[in-house]
Amino acid sequence: MPTQPTSDFRRTAIHGLIERVLATTPVVDIHTHLYDPLMDHLLLWGIDELLVYHYLAAEAFRYLREPPEKFFALSRTEQAELIWRELFLAHSPVSEACRGVLTILHRFGLDARERDLPALRQWFQEWPLEAHVHRVLELARVARLYMTNSPFDDAERAIWQRGFLRDERFVSALRIDPLLLDWPGTALRLAEWGYNVGEGLSPQTLGEVRRFLADWTRRLEARYCMVSLPPEFVYPAATDTARLLEGAVLPHCRDFNQPLALMLGVRRHVNPRLRLAGDGVGRSDLCALVNLCDGFPENRFAVTVLSRENQHELCVVARKFRNLHVFGCWWFTNTPSLVEEITRMRLELLGLSFTPQHSDARVLEQLIYKFDHTRRVLVKVLAEKYGDLAVAGWEPTEAEIRRDVTALLGGAFEQFCQG
Ligand code: HDL
Ligand code: ZN
């Protein structure tokens, strides 16, 4: 009987295998705020946009004495200079958002230690966008990404109505927050756009809302509908939101065989003076999610929650309903300590039937850091889990690990989308 290698030796061997598989398996990024490069100037990229990202702005405001309004009156370049000074020069850039900027620069082979922002700016400006997009997706090993597309954004709506040659690496998702959260205001806009809707949610109006959703799903070739909802969201309820979900959005998703993505727990404009950086978080009542999954078994729900306190309960709800797919460590939970805690919990409760991360990137190059940091945590947690299997006598093969990782990095989500 050959002597069994020690469990430490096995764990080390498995760690190396997991590292190789994660480094070479492309990811499908299922939620971003990036845009097809041909959508005019909606796609943000370059060092100034990276530095003025609202995650860093929020952290810089904690050091600045001037009011936020004064910051926003500055040019992008001046805002970037100020954030660079406060978060990188006057204080060490230890936060996850700052670390992300350094990871990006490092992966491009740039030496941030020179602390020379003008030189960094010059480097980014030398690249034609098409080549830069290709290189970023290569470095991040992102096969394709899902955009957040809103017909309610005037600039974006005009681009879709004009039409453009699509880049198949940039997939569309239809964002419908104004429809579900501000029906009175949205009813006026739909009427302007030729949909015969009244403020009352009559069958006729709900039919026209479905026509609006169908028109835009076809125009965008959108793969799913998405909405973010506040902690106070409850279902069932005598609200416009509930009525529109039941009478228009969920029937639409069934008609188009698409999941509805719910992002729960965002408290908008906690400090409106900080603009995009001013949103907060609250614990959601996940009974609403139970009632939706239970009440609409023909619908599929892809769900992420913003509150750390909701994460365990979300896993338990997902164990009850196979029409629920859990995804991402969203926004304030996208920190190494919480990604590790949440991913370990999900593996232990859900096995491989979830999607650990999406980037939520707003600036192109963020794909590099968001997935570099995610892969590091995944290596650690997956090596631990597969090592546990090996110690229990179940030696995973490379093919099995590659199959599992492909599922975790977007494969399971796209299968969930197909129903
Ligand atoms: O609502 C959302 O999709 C959030 O991701 C917000 O866009 C938020 O501002 C964000 O960028 N979080 O990462
Ligand atoms: Zn987002």
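**Exercise 1.** In which loop does Asp-360 lie? Then give its phi and decide whether the residue is buried or exposed.

*Solution.* The model is predicted.
- Step 1: Asp-360 sits in the loop between α16 (336-350) and α17 (366-391).
- Step 2: Its phi is positive, about 60°, although Asp-360 is not a glycine.
- Step 3: Most residues other than glycine have a negative phi.
- Step 4: The relative accessible area of Asp-360 is 6%. Buried means under 20%, so Asp-360 is buried.

**Exercise 2.** Locate Asp-40, give its phi and classify its accessibility.

*Solution.* 
- Step 1: Asp-40 belongs to the loop between β1 (27-29) and α2 (47-51).
- Step 2: Phi of Asp-40 is near 50°, a positive value in a residue other than glycine.
- Step 3: Relative accessibility is 41% for Asp-40. Exposed needs over 50% and buried under 20%, so Asp-40 counts as partly exposed.

**Exercise 3.** Which residue does a cis peptide bond join to Tyr-235, and where is that residue placed?

*Solution.* 
- Step 1: The bond joins Tyr-235 and Pro-236, with omega about 0°.
- Step 2: Most peptide bonds are trans.
- Step 3: Pro-236 is in the loop between β5 (225-229) and α13 (240-255).

**Exercise 4.** Characterise the packing of helix α1 (residues 7-24) on helix α18 (residues 398-418).

*Solution.* 
- Step 1: Two packed helices are described by the angle between their axes and the distance between the axes.
- Step 2: The axes of α1 and α18 come within 10 Å and cross at roughly 45°.
- Step 3: Angles under 35 degrees count as roughly parallel, and 65 to 115 as roughly perpendicular. α1 and α18 are therefore oblique to each other.
- Step 4: The crossing of α1 and α18 is right-handed.
- Step 5: α1 makes the contact through Leu-17, Ile-18, Val-21, Leu-22 and Thr-24. α18 contributes Glu-398, Ile-401, Arg-402, Val-405 and Leu-409.

How values were computed:
Residues are numbered from 1 along each chain as its sequence is written. Chains are lettered from A and ligands numbered from 1 in the order in which they are written. This is a predicted model: local features need pLDDT of at least 70, side-chain atom pairs count only at pLDDT 80 or more; totals for chains, interfaces and linings use all residues. Side-chain values use heavy atoms; hydrogens and water are left out. Helices (H or I, at least four residues) and strands (E, at least two) are DSSP runs, numbered from the N terminus. Buried means under 20% relative accessible area, exposed over 50%, partly exposed in between (1.4 Å probe, protein chains only). Axes are lines fitted to C-alpha atoms, for helices over the stretch in contact, and angles run from 0 to 180 degrees between N-to-C directions. Angles under 35 degrees count as roughly parallel, over 145 as roughly antiparallel, 65 to 115 as roughly perpendicular and the rest as oblique. A crossing is left-handed if the near helix is turned anticlockwise from the far one by less than a right angle, and right-handed if clockwise. Contact means heavy atoms within 4.5 Å.
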